[in-house]
There are 2 protein chains.
Amino acid sequence: MSDSIVDLLSGFDGGRLWADLEQLATFQDADAPPFTRRAFGPVYEQARSWLRERMEEAGLATRRDAAGSLIGHRPGTRDLPLLVVGSHIDTVHGAGRFDGALGVLAAVEIARVLGSSGHRLSHPLEVVDFTGEEPNRFGSSCVGSRAWAGRLDARLLALTDERGESLAQAVGRAGADIERVSESVRDVGSLAAYVELHIEQGPVLETDEFDVGVVNGIVGIRRIGARLSGQPSHAGTTPIPRRRDALAAASELVLAVEHEARQAEGELIGTVGRALVEPNAPNVVPGFVELAFEVRSLDEARLDLAIQRIETAGKEAGAARGVDVVFDVLSELPGVATDPRVVSALEDGAIEAGSRTTTMPSWGGHDASQIAHIAPVGMLFAPSRDGLSHHRDEWTTPEQCANAGRALLAGLVVLDERLAADTTA
Amino acid sequence: MSDSIVDLLSGFDGGRLWADLEQLATFQDADAPPFTRRAFGPVYEQARSWLRERMEEAGLATRRDAAGSLIGHRPGTRDLPLLVVGSHIDTVHGAGRFDGALGVLAAVEIARVLGSSGHRLSHPLEVVDFTGEEPNRFGSSCVGSRAWAGRLDARLLALTDERGESLAQAVGRAGADIERVSESVRDVGSLAAYVELHIEQGPVLETDEFDVGVVNGIVGIRRIGARLSGQPSHAGTTPIPRRRDALAAASELVLAVEHEARQAEGELIGTVGRALVEPNAPNVVPGFVELAFEVRSLDEARLDLAIQRIETAGKEAGAARGVDVVFDVLSELPGVATDPRVVSALEDGAIEAGSRTTTMPSWGGHDASQIAHIAPVGMLFAPSRDGLSHHRDEWTTPEQCANAGRALLAGLVVLDERLAADTTA
């Protein structure tokens, strides 16, 4: 381990990070469950003002970009593209204290460590709090990171909420200059890498007692609707061979999804979350069922195969019962590759920081999913008790937060050194 | 075949029966789908007045009993208990033309045949149109036949509809004397037998090209509710072994019900008609499912066994997934035995009438289910196209109606002879 990393790690103050997490958690929307801080509300703005002060104290030069993202800048020793580290501080309705917040505040603590140690990275560093990552009332998400990737287009900006306000107006109200949103776009090549620390949102790290997970990709998500059309009939007088029972066929489809996910444990997950039955009367054979299911995997070919198998199983279950089964793709979110060099730097950094480390996919989307369109990305996960997220009981211990923050710091330093060495060579 | 039966059968006028069916079908409630004639409405009363005239023309002495049932009486040659034949002429909302009506009008035609031939049965004969057999707006059914069986109790009579009218008031409004409802009770022993012709309400006779089915019992029905309690969780980040997926467990339960019914084809039927899923979102593992299923069989022990197997399968499916499964009996309707002597007389009569005949259970309840509490009962089924019932497209051809009516006539004559011979011997 390099001496400089040892010094830096000793300067990382877990207590200071924890105090920041506690302080940020006090910014809560009125008339909402605890820890709610939705994007585009007044409390969100107050929290960002507070955060901006913390960034300034850490020696960062701050600004808001045209999409409202809060950026703290620290120069590097060389004229290189940016290293960017961050996440978001908005929450869903009924949220916890760690989702997003941990990634931003750990980055601020890293800036403090760099500032007080005088250690200069080769790359200029930006700490970022992306505007509105969570699903918002306009029906979009990842507003700030989409803007960087040039994907906050006119269609999204024109989306309106229930009262008729547009996303563009909401972003503009917060002091951002949405007319010049194109100026927030970051060119390909302007970022050396983007790194994000986030809570896992799943139980793997806690269960297997890891300190951090190095993300090896963000899964693609396919949502499929299945409409099963049979024939309603009298539950007493219609023999099984004469039935066209849509619920029995649907049940086989549900189990086929579960079976695929069980077979591919760790590589693919699938869920039937939604089922509607008609006519839904206890004495009538169901004539129609609508299901919605989703399948997630890093591997597009694996996704294709699983969906093909599920659809085949559903069609066979239908054919055996005279039930017509039609599938529709409801949405298709491609998987996001992490950058191998970023991943290995984060892994080596985490090990240098003394973390028990594993490699794992991210089963949900993040700001990193957007930034991957324009830059190499990598992510670290911290453990989250019971895998909870978007829940008031979300919990990562002070020690787990500090461990993950130190792993992030070490990973950034390793990444900075390696990328800088490559540009020299 | 006895000469008298041959003579009687030749007198049975299928065209006259068909004309009556067509005429009765013209009595339709306003503001309801075609062929609707619900009990306790003005059109129902008009139809019963018309029917009473038909009974009188057929030589029957008519009266209404205290529960409103319309009864036509023809004396026998001996002082014996009554032979009763009939059904009902009320319908469900959105009904067809044959359910109930065929049984009453075939009995009227039989009275006409007996009257014009001068043939006297040994037993006095009653043709009956039971009041309100179908489920009514008060939440009960089989009003007239329950009254005969002494089962139209104060609790049922006090049931009220949405406007606060009681069943007692509705029955009374139709000119019946509900204060003296106990006078409509028939003593055990006062009926030699009750026989009812009805459409099958299932597809077996049509499919297998039988003219009539002789019913060998009315199945018992158990309705069971199942509540499956797991845990909602994130569809992306919760691995299969960590899930408590209530819908996956429920799907196994649905298939277990289907499996039991398939295994026991002809002896038992089972249906899951109702399923509710919570939270029912495409990206959340379902935490709770409520199912309602029913199982029907003639054989109570078979019912017990099937339900026990289904519940075991459901509990195992739950245990494998950390899902708690609780069953509640929603309702329990015991099966009804038909009388072996009535069944064999109907069978022999149907064969004498030249009908292609089979034996089958009734998978639904009828007025006969009530009368079985006080008298030996038997039923005949006529084919119904596509097994439809409670449907505007309910259809039995004129020839099928006439064949079934002739089988009923021959069966009654055989039954009269055999029962009379037994009382002489």
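**Close-up views of a predicted two-chain model**

**View 1. Helix α11 of chain B passes helix α13 of chain B in a right-handed crossing** (right-handed if the near helix is turned clockwise from the far one by less than a right angle, left-handed if anticlockwise). This is a predicted model, in which local features need pLDDT of at least 70 and side-chain atom pairs count only at pLDDT 80 or more, whereas totals for chains, interfaces and linings use all residues. Residues are numbered from 1 along each chain as its sequence is written, chains are lettered from A and ligands numbered from 1 in the order in which they are written, and side-chain values use heavy atoms, without hydrogens and water. Helices (DSSP runs of H or I, at least four residues) and strands (E, at least two) are numbered from the N terminus. Helix α11(B) covers residues 340-352 and helix α13(B) covers residues 398-424, and the two pack at an angle of about 130 degrees with their axes 7 Å apart (axes are lines fitted to C-alpha atoms over the stretch in contact, with angles from 0 to 180 degrees between N-to-C directions). Because of this angle, α11(B) is oblique to α13(B) (under 35 degrees is roughly parallel, over 145 roughly antiparallel, 65 to 115 roughly perpendicular and the rest oblique). Among the residues that make the contact (heavy atoms within 4.5 Å) are B:Val342, B:Ala345 and B:Leu346 of α11(B), together with B:Ala407, B:Val414 and B:Leu415 of α13(B). Sorted by class, this contact of α11(B) with α13(B) has nine nonpolar, three polar and five charged residues (Ala, Val, Leu, Ile, Met, Phe, Trp, Tyr, Cys and Pro are nonpolar, Asp, Glu, Lys and Arg charged, and the others, Gly among them, polar).

**View 2. Helices α9 and α10 of chain B cross at roughly 155 degrees.** The axes of α9(B), residues 246-263, and α10(B), residues 300-319, come within 8 Å, and the crossing angle makes α9(B) roughly antiparallel to α10(B). The crossing in which α9(B) passes α10(B) is right-handed. On the side of α9(B), the residues in contact include B:Ala249, B:Leu253 and B:Val257, and on the side of α10(B) they include B:Ala306, B:Ile310 and B:Gly314. In this contact of α9(B) with α10(B) there are eight nonpolar, two polar and three charged residues.

**View 3. Helices α2 and α3 of chain A also cross at roughly 155 degrees.** Here α2(A), residues 14-25, and α3(A), residues 42-57, have axes that come within 10 Å, and the two helices are therefore roughly antiparallel to each other. As α2(A) passes α3(A), the crossing is right-handed. The contact is formed by A:Asp20, A:Gln23 and A:Leu24 of α2(A) with A:Ala47, A:Trp50 and A:Arg54 of α3(A), which by class gives three nonpolar, one polar and two charged residues in the contact of α2(A) with α3(A).

**View 4. Chain A is superposed on chain B by a rotation of 180 degrees.** The shift along the rotation axis is 0.1 Å and the RMSD is 0.1 Å (least squares on C-alpha atoms of residues with pLDDT of at least 70 in both copies), and the two copies are thus related as by a two-fold rotation axis. In chain A, the C-alpha nearest the axis belongs to A:Ser251, which lies 2.2 Å from it. Of the interface residues of chain A, 100% are also interface residues in chain B, so the copies meet through the same surface.

**View 5. A cis peptide bond joins A:Glu278 and A:Pro279.** Its omega is about -5 degrees, and A:Pro279 lies in the loop between β9 (268-278) and β10 (284-285) of chain A. In chain B, the peptide bond from B:Glu278 to B:Pro279 is cis, with omega near -5 degrees.

**View 6. B:Phe40 has a positive phi, although it is not a glycine.** The phi of B:Phe40 is about 75 degrees, and B:Phe40 is placed in the loop between α2 (14-24) and α3 (42-57) of chain B.
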